[in-house]
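Please look over the chains below before reading on. The points that follow are meant to be checked against the coordinates.

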Amino acid sequence: MPLPLLQVSNLNVGFETNRGLLRPVRDVSFSIYPGQTVALVGESGCGKSVTSLSILRLIPEPPGKVLGGQVLFEGRDLLKLHERDMRSVRGKDIAMIFQEPMTSLNPVYTIGDQIVEAVTLHQGVSQDQAYRIAEEALHDVGIADPHRRLSEYPHQMSGGMRQRVMIAMALSCRPKLLIADEPTTALDVTIQAQILELLRKLQRDRGMSILLITHDLGVVAENADVVNVMYASRIVEVATVEDLFDKPQHPYTEGLFRSVPKLGHEAERLLTISGTVPNPAKFPAGCKFHPRCPRTRELAGPRGAEEVVTVRAAEETAKVMKVCAQDEPLLHEVQSQHWAACHFAENYPKAPTTVPQLDHRRQVIAEVIDASGDIPLGTPVMQEIIE
Amino acid sequence: MSDGVSGVVAYERPAAGAMASAPDAGTPLLEVRDLTTWFPIRRGILSRTAGFVKAVDGVSFDIQPGKTLGLVGESGCGKTTVGRTILRLIPPTGGSVRYKGEDFFAFQGRQLRQIRRQMQIVFQDPVSSLNPRMTVGNIIGEPLEVHGIARGTAKNEMVGALLARVGLDPSYASRYPHEFSGGQRQRIGIARALALSPDFIVCDEPVSALDVSIQSQILNLLDDLQKERGIAYLFIAHNLAVVEHFSDEVAVMYLGRIVEKAAARELYRNPKHPYTVALLSAVPEPNPRPKKRRIVLPGEVPSPSNPPTGCAFHPRCPLTRQKAAESSDADTIQIQTAGHVARVMCKCVQESPPLETKQGAPGHVAACWFTQ
C-alpha cells in the first residue's frame, strides 16, 4: 500500500484571545495520497481554513498556536521544521490558492515580476529562464498571449483571469500538493466550470494532490475522491465521495444535503437545520451539534427523564439525549471505510476507532465539452435545443 | 404568533390571503416595458460623455400579485440594476414601469412616497445594509414613523410583532446589528422590509452571503411570508438551483438583456437559449456520479460598455460554432475570442436576435437565431 503524501494527525490549534483560549481546530486527522483530491467541507467558522493554514504554518503566532499534533509531509513533520526549511516547502512542495486572488497578488508589481520571484527563489534559475518558465506557466493555465500578460498589473485583469494567474503562480514550481481554499467561491458559474476543469487537467497531467477546502457540496461531489466533513472544530464524518453522498451517517451531513435545493428536483419546502453555526468562543459541551441536531431530538422524544435533558437552542428549547449534551463523540468506523462521530450513528458503540485512511479514487468524472474553438460536426453539444 | 402580527400590521390590506390565491387574474402587479439604464462614461477635464455602459438595455416582464419572478445571470449582466431601477433607486434612462396599472415613473412627491410603501427591497449584504448605530427596534420602526403609521408604544408593539414573525425574540429590539449572526441580520432586514406591509419586494441575492444551513431557513421564511401576505417578489440571484426552487417564472439575463424567459420548471427542463443550456450544465450537482455533460464556455462576460455586435453571446456561443460546422463557408465568419479562433455564423455577428416565442410551453421566449 502506498504511503500518504500528507498525513495530519491529531492537529490542535488554539488562539489566545481576551475571552480565553479559543480552539478552532481539535484532533483533526486526515491523509492525502499522491494524485488524490481530498475535500474538507464545512460552514464558516468550522476550522477548515485554520487547518489548511496550520499545515503551512501560516497562522499568525501569537495569538495563534499549534497545541499539538503532527503534519507529516513525505515523512517529515512540518510542525518541527526550522523556519528556513519551512520556507523551501512553502510554494515549492506545497502551494496554496485562495478564494480572493488579490490576497496573493501584489497590486504594485507586474504579474511577471511576481511569478519570476517565486521561480528564482525556489528553482535557482537565471532571470531569463525564470521568465520563460513564467510564460509557460501562464500558457498552461489557458491565458491567451502570455508574453504580453507578464507585463500587466493585477488590476488590469478580470476576476477569472486573476484566479488563473494565481493558479499559474502556485503551480510554477510544480508542487506535489496544492491547497485550494474556496478556489471558485467568488466566481460565476461559467468561470467556476473553467477553473475546476483547469485544476482537473493540471492534476491529471502532473499527478499533483489537491486539498480542496469548500462549503459547496456540488463542487465536492464532482471533484473530490475522499471527503472530510468538519463541524465546529472537528471532523465529524469521513468517507469516499460515493459513500458520503449515498449514505451519510452524521446528522449534520444529512442535514446539509437536505437543505440545499437541487436543480430539477421539485420540493415544496426545503428542510432546514435549526439554529446557527456556533461561534468558537461559545462551543456547546458534549457533541457540538447537539443543540441543532434533529436525530437526538427525535430519539429523546419517547425516552424517560433520566436519559434526556432540555437545552436552549437558538430561539427555542428542545429535549435532547443526555449523552449528546455531555459526551463528545469521536470518529468511529461505523461502516467499512466510513467514519462518523455521532453517538447514534448505526453501530457507533461497537465500531472500532481506527484512524481514517482512504487511498480511493472517484468512480465517475463528469464529461466536459470545451466550446472554445471550432466544434467538429457531430459533437453532441446543443442537440436538445435544435432537435 | 403570526396571527398576532397580521392583526397588527395588515392595517390596510386585510385581504392579502385572497390575493395570493388568485394568480394570473386581471392586471399584473408590475409591468416593466423596455427598461433601459445607461451609465455615462465621462472622460477628460470637461467630463465629456464618451459613451455609455448599457447596464440594462431593453428589459420587459410582468410580475403577477403574490408570484415570484427569478432573475438570473452572471455578475455584470445587469440583474441588480434592473431591481434598483424598478424601485427608482437608480434613475431610469428609458422605458416604463406600471404598478397596478399606473405609471410609476411619473409619480412625484407625496404620491411617490405613498406608493413606495408598497415596494421594498432586501439586500444581499446584511452587514452593510443595517445602520450599525441604530438599535434593531429603530431600524425596523423608522419606516413606521416616517410614514406616520405608528409611534411610541404602538410602534414598539408592531416592531415586536415583526421580529417575532421573522423568528427573532421581540426583546432583541434594544440590541444593535453587530450582536447578531448573518442569518439573524438578514431576518432583521426582512422585518424592516415587511414593516410597511408591501405587496412587492425586490430580493437582491438575499441568501448568497449566508452559510448553507442558514440559506434554507431564510428561503422558507420568504416563502411563508409570500403565502401569508400575497407578496410578489423579484428574486435576483446567481444560484440557479435556488432560483428554480423559489420562482414561478425565471428570466435569464446576459449583458443587459433578457435572453430567455419561461415558467421555472419549463426553463430548467427545456432550456432553449444556448447560454441557458451552458449555464445549467455548469452548475455542479451534489451527486458523486454526475450524469450531465458539462459545457465549458470560453472567455468571460464581455464589458457592457463595448458589447459584441449582433447577438452579444456569439463570441462564447457553442451553438453558433456547431451550426457553422454544418454550414457553407459563405454563411460563416472566423472570429478570435479569448485566445482561440472559432468559426461562427455571420447572422449571429451581424444581427441581434429578437426575444420571441419558441416551441414548448406557452410564454416560453428566447432570443436566439438558431433554436426552434
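1. In which helix does Ile190(B) lie? Ile190(B) lies in helix H7 of chain B, residues 182–194, where helices (H or I, at least four residues) and strands (E, at least two) are DSSP runs numbered from the N terminus.

2. This is a predicted model, in which local features need pLDDT of at least 70 and side-chain atom pairs count only at pLDDT 80 or more, while totals for chains, interfaces and linings use all residues. Residues are numbered from 1 along each chain as its sequence is written, and chains are lettered from A and ligands numbered from 1 in the order in which they are written.

3. Ile190(B) counts as buried because it has 25 C-beta neighbours inside 10 Å; the cut-off for buried is 20 or more other C-beta atoms within 10 Å, with C-beta atoms placed from the backbone. Not counting residues up to four places away in sequence, Ile190(B) touches Val122(B), Val166(B) and Leu221(B), contact being C-beta atoms, placed from the backbone, within 7 Å.

4. Chain A has an open sheet of eight strands with mixed pairing, in the order E6-E7-E8-E3-E9-E10-E14-E13, two strands being paired if DSSP finds at least two bridges between them. Its edge strands, E6 (94–97) and E13 (332–335) of chain A, each pair on one side only.

5. Within this sheet, strand E3 (residues 37–41) and strand E9 (residues 226–231) of chain A pair in the parallel sense over four bridges, and Leu40(A) has Asn228(A) as its bridge partner in E9(A).

Technical notes
Buried ≥ 20, exposed ≤ 12 C-beta atoms within 10 Å, placed from the backbone. Contact = placed C-beta atoms within 7 Å.
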